[in-house]
Amino acid sequence: MRKQIAAANWKMNLNFQQADKLINEIMGADIKIKENQLTIFAVPYPYLSMSKGVVGDVQNYKVAAQNCYQKISGAYTGEVSVEMLHSMGIYYCIIGHSERREYFNESNATLAEKINLCLANEITPIFCCGEPLSVREAGKQDEYVGVQLKESLFHLSAEQIKNIIVAYEPIWAIGTGKTATTEQAQEMHQYLRSVLAVQYGNDIANEISILYGGSVKAGNAKEIFSCPDVDGGLVGGASLVAHDFIEIIKALK
Ligand code: PEP
């Protein structure tokens with residue numbers, strides 16, 4: 001049975017004290033997380049250690065990095081390698097967030113390199129895909145997102161692809177307050193699963209968690225997560241407010 005996941009993406013927000021308070025509040029809340037559910041905190045690099053300390057060994061709660069570099073090691077000032085993450089006990093990493101693609105020119109090919117390094121270091125990539133508004137308006141979203149998957153993931157073996165979490169995040173819905181309708185989300189998630197099924201077979205496609213991202217809030221999470229092919233969410237803004245993110249975790253199937 002595939003995992004239902006609430007993944008917080010804090011982005012470049014919160015100072016250390018605020019981050020410490022937020023994660024302690026969430027971890028201290030009375031949430032009865034089920035066996036098939038997972039909560040992931042994708043925090044800024046300087047907060048990985050603190051977050052890991054707070055989360056500890058609590059079942060089904062994990063800490064993730066928001067990015068990693070596409071080289072093993074070397075003279076890349078300011079970058080962070082997957083080996084560094086692994087050596088700190090970090091086993092999840094967001095790859096290819098639309099903000100990385102847009103502001104740091106990360107291409108599908110670069111993301112494929114990052115994916116390979118993550119998998120080689122036992123780190124589960126949370127691979128983001130999603131179309132800009134102009135593509136959606138032209139009705140070309142399936143084609144666009146299909147290419148993102150093909151160019152960054154489809155070189156992987158069937159064994160490897162099982163260790164990927166996919167996050168569909170329509171760019172026009174990120175941080176805009178504009179959420180995709182449940183129909184739009186289900187339609188795209190079903191399409192993504194069908195593309196994965198063509199490449200890897202139904203059994204594997206049915207095991208891959210596909211998260212929705214784009215203005216998920218406490219008030220709309222349950223409805224979005226109720227779609228059969230939506231396996232939880234990647235949450236930006238609402239993950240910065242303890243009460244809201246707690247409600248989002250509770251909304252998981
Ligand atoms: C995100 O950044 O991954 C995201 C979905 O942001 P928001 O929830 O704020 O739209």
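A: Let's begin with the barrel: eight strands close up in the order β1-β2-β3-β4-β5-β6-β7-β8, and the pairing is parallel. On average, neighbouring strands of this sheet are turned by 25 degrees against each other, direction ignored. Strands here are DSSP runs of E with at least two residues, helices are runs of H or I with at least four, and both are numbered from the N terminus. Two strands pair if DSSP finds at least two bridges between them. Axes are lines fitted to C-alpha atoms, for helices over the stretch in contact, with angles from 0 to 180 degrees between N-to-C directions.

Keep in mind that this is a predicted model, where local features need pLDDT of at least 70 and side-chain atom pairs count only at pLDDT 80 or more, while totals for chains, interfaces and linings use all residues. Residues are numbered from 1 along each chain as its sequence is written, and side-chain values use heavy atoms, with hydrogens and water left out.

Now zoom in on one piece of the barrel. Strand β5 (residues 124-129) pairs with strand β6 (residues 165-168) in the parallel sense, over four bridges. I126 stands opposite I165 in β6. Lying across β5 and β6 is helix α7 (residues 141-153), which runs at about 150 degrees to β5.

Next comes L111, in helix α5 (residues 108-120). With 0% relative accessibility, L111 counts as buried; that label means under 20% relative accessible area, exposed means over 50%, and partly exposed is in between (1.4 Å probe, protein chains only). Leaving out residues up to four places away in sequence, L111 touches I95, G96, R101, E106, F127 and S152, where contact means heavy atoms within 4.5 Å.

Then there are the rings. The structure holds six aromatic pairs. One is F16 with Y47: their ring centres are 5.7 Å apart and their planes sit at 70 degrees, so this pair is edge-to-face. Rings of Phe, Tyr and Trp (its six-membered ring) pair if their centres lie within 6.5 Å, with planes under 30 degrees apart counted as stacked, over 60 as edge-to-face and the rest as tilted. F16 lies in helix α1 (residues 16-28) and Y47 in the loop between β2 (37-42) and α2 (48-55), so the pair ties together parts 31 residues apart in sequence. F16 is partly exposed at 38% relative accessibility, whereas Y47 is buried at 10%. Elsewhere, ring pairs link W10, F41 and F245 into a cluster.
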